[in-house]
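Here's a quick tour of a few spots worth looking at in this structure. Have the sequence and the 3D view ready.

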Amino acid sequence: MKRAISMLFFFGLATAAIFSAVAATDGLAAQLPFSKAMIIFEFNSSGPDLGIQVSLDGEPWSEIKIVDPQGRAILEIEAAGRLKKFGLTELFAESNEPNFIEDVPAQEILDRFPAGVYKFFGKTVEGDRLVGEATLTHAIPDGPSAVSAQVISGNRVISWVAPPAVSSLTGLPVAIVGYQVIVERADNDQLGAATRIFDVKLPAVTSVTVPPQFLESGRQYKFEVLAIEAGGNQSITEGVPFQTP
């Protein structure tokens, strides 16, 4: 009887040690940073419409969560089945972009996504934690104006005028740090179906020449110019489509 009690006692100690080891291992799970965590506003002045974009990257993960400055979750994703064990890495998501004149007022969209620090959380397929943060601002630039694609000395030159230094949406100062110019070739002469043939990011300049080898004769093209603010927010202005001779 004493032997049985002794064995039970030692079995209890062993079990407690195992649980302690598991708890310690779980408590020592690594905390890794997301290699990328971003949240921005995108304003399409040609809409006009407004929405947000989020993107992240990190070690293969099975769960992610993004929380706003008030601690409210705005996005949660959990992989399932085979993908849960295999893991995801990059993620890019773009919200609905309602027309804020006809559908949802711009101020209502801004209220839904307050300025401040957004927290990014995740769990890797190995059980480690992923953490990161990104600051969303309401310094949303207006779209570039006078956007055009003219032929100058035989070359197609896209030019524009920089947005004003104060946002018309929020009244906040903006600092433009660069631009992105995108040109798409219409497929089968239909602008609704197009192939991107030119995409370049530029410093704070106001024109770019499209290399002639990117353009085919007798084709129709559409293009847009994005202004990028120091905090990451961006605006788009679409140009009038052009046709090559």
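Let's start with threonine 244, which touches Arg156, Leu215, Glu216, Ser217, Gly218, Arg219 and Tyr221, leaving aside residues up to four places away in sequence; touching here means heavy atoms within 4.5 Å. You'll find threonine 244 in the segment after strand S16 (242–243). Threonine 244 is buried, with a relative accessible area of 8% (buried means under 20%, exposed over 50%, with a 1.4 Å probe and protein chains only). Its side chain reaches the backbone nitrogen of glycine 218 at 3.0 Å.

A word on the source: this is a predicted model, where local features need pLDDT of at least 70 and side-chain atom pairs count only at pLDDT 80 or more, while totals for chains, interfaces and linings use all residues. Residues are numbered from 1 along each chain as its sequence is written, and side-chain values use heavy atoms, with hydrogens and water left out.

Most residues other than glycine have a negative phi, and most peptide bonds are trans.

| Residue | Phi | Relative accessibility |
|---|---|---|
| Alanine 146 | about 50° | 55%, exposed |
| Serine 153 | near 55° | 74%, exposed |

Alanine 146 lies in strand S9 (residues 145–152), and serine 153 sits in the loop between S9 and strand S10 (155–161). Strands are DSSP runs of E, at least two residues long, numbered from the N terminus.

And the peptide bonds? The one from glycine 47 to proline 48 is cis, with omega near -10°. Proline 48 is in the loop between strand S2 (36–44) and strand S3 (49–57).

Technical notes. Helix = DSSP H or I, 4+ residues; strand = E, 2+ residues; numbered from the N terminus. Polar contact = N/O pair within 3.5 Å; in protein donor to acceptor, adjacent residues only side chain to side chain.
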